Amino acid sequence: MVSRGPLLRAFIISIATVALAWVAGGQALLGRIDPALAVPLLVPSMLLLAWWQRRAPTAARRRTWLVTLAFLVTAQALLGLVLAGSAGWPQLPLVVVAAGVAAALADLVVQWRPRLAVLPWLGALALAVGWFATGHALLAVLYRPAPAGPGAPAATMLTGLPLRWSGGGDIAAMIAEGANDDPALARLAAAGPVSLVDSLADHVPPPGGALLLAHPRAVAPQELVAIDAFVRGGGRAVVLADALSGWPPRHPLGDPRNPTVTSLLTPLLDHWGVVLAAASAAEGAALPADVDGARLRLFSAGRFDRLPSQCQAFADRRVARCPIGEGEAWLVGDADLLFAPLWRPLVPGADHLRQADTMEWLSARLWPGAGSSVLRPLWIRAHAG
């Protein structure tokens with residue numbers, strides 16, 4: 001039996017931990033309610049609990065730990081259900097184990113009685129810092145997306161976006177800087193083999209491969225025929241067709257090296273029975289959109305006013321999945337979703353702090369099996385307008 005005092009302490013500590021995860025763990029900033037984001041921040045609250053009950057018997061302290069863990073898991077599960085429609089069950093066991101270990105270590109530090117009174121304080125600081133770093137390192141591994149398997153065919157990519165040689169227009173400067181790939185291209189290349197081509201006339205994707213059309217420049221009629229034949233023959237394609245691109249120009253206005261303002265894929269979309277309308281002028285901020293279990297962040301995305309009946313629409317018709325012949329095409333009315341500030345993690349390499357699932361979603365469509373991870377973000381539900 002746990003008395004009223006320890007119950008109150010357990011409740012306060014659990015709420016403090018949930019609040020830390022919300023404010024300092026990145027939940028509020030990222031629009032997520034992942035229980036796992038609390039893991040790096042468990043030690044401060046557990047140290048407070050250990051100090052609070054430092055004079056209690058060992059058995060009583062342990063009972064309070066168990067009650068605290070129960071309160072913590074219950075609070076995180078309820079928040080997940082209310083805000084995201086899921087309790088985040090795959091993450092909750094990790095939180096329970098981590099909180100139990102953190103409570104035990106915090107108790108050892110607080111109960112330590114060395115000759116130098118300052119040592120427990122130094123030990124508490126070292127524990128908090130070490131736990132914070134280790135927790136983030138662990139989460140980075142658990143959220144890290146899997147790459148394509150060995151022998152995966154290359155994804156063929158045709159784009160008019162400045163994803164390569166993006167640093168300048170001078171040939172000597174390009175050679176001096178190296179490839180200088182945009183983060184989106186670098187991230188895709190890390191997920192699987194990518195073949196970036198200037199034309200599809202002689203670079204049709206190999207059997208089992210996939211095609212990524214990312215807001216390309218004008219496409220020749222024979223290339224449109226090749227794209228249609230590839231998909232109808234059983235190929236997979238992802239088409240980013242932006243009716244009003246917001247991609248920042250790197251060169252003066254009117255320079256042909258800048259991305260085209262509007263999509264030039266209208267003939268292909270028309271052939272597939274698809275009509276893309278321009279984005280609303282009122283949309284001036286990134287829009288979170290839930291698509292097939294993933295969170296994308298779109299910017300000035302157009303809607304598909306007309307779609308064949310067999311297509312499945314997402315995000316208020318901004319994204320669609322269309323079977324075409326024996327193949328499949330994912331259509332996205334936005335190319336700005338590749339713009340790195342909309343998706344990359346807050347800290348480089350920290351996949352658990354990503355702002356969207358954009359690259360994981362793309363990877364999974366270009367290479368089956370890629371993009372998955374042990375833990376996945378639990379996004380607060382988006383309401384596309």
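**Exercise 1. Determine in which sense strand 1 and strand 3 pair, and over how many bridges.**

Solution. Strands are DSSP runs of E with at least two residues, numbered from the N terminus. Two strands pair if DSSP finds at least two bridges between them. Strand 1 and strand 3 pair in the parallel sense, over 5 bridges. Within this pairing, L158 has L213 of strand 3 as its bridge partner. Strand 1 is also joined to strand 2 (residues 194-196) by 3 bridges, and these two strands run parallel. There, M157 stands opposite L196.

The model is predicted: local features need pLDDT of at least 70 and side-chain atom pairs count only at pLDDT 80 or more, while totals for chains, interfaces and linings use all residues. Residues are numbered from 1 along each chain as its sequence is written, and side-chain values use heavy atoms, with hydrogens and water left out.

**Exercise 2. State how many residues of strand 1 are buried, and which of them point each way.**

Solution. Buried means under 20% relative accessible area, exposed over 50%, and partly exposed in between (1.4 Å probe, protein chains only). By this criterion, 5 of the 5 residues of strand 1 are buried. A155, M157 and T159 point one way, whereas T156 and L158 point the other way.

**Exercise 3. Identify the residues with the most contacts inside the largest nonpolar core, and the elements that give two or more residues to this core.**

Solution. A nonpolar core is a set of buried Ala, Val, Leu, Ile, Met, Phe, Trp, Tyr and Cys residues joined through side-chain atoms within 4.5 Å. The largest such core has 37 residues, and L212, L240, L338 and W361 have the most contacts inside it. The elements giving two or more residues to this core include strand 1 (155-159), strand 3 (210-214), helix 8 (183-191) and helix 11 (358-366); helices are DSSP runs of H or I with at least four residues. A second, separate core of 28 residues includes L158, F230, A320 and A329.

Next, take W361. Contact means heavy atoms within 4.5 Å. Leaving aside neighbours within four places in sequence, W361 is in contact with V238, V291, D292, A294, L296, W330 and V332.
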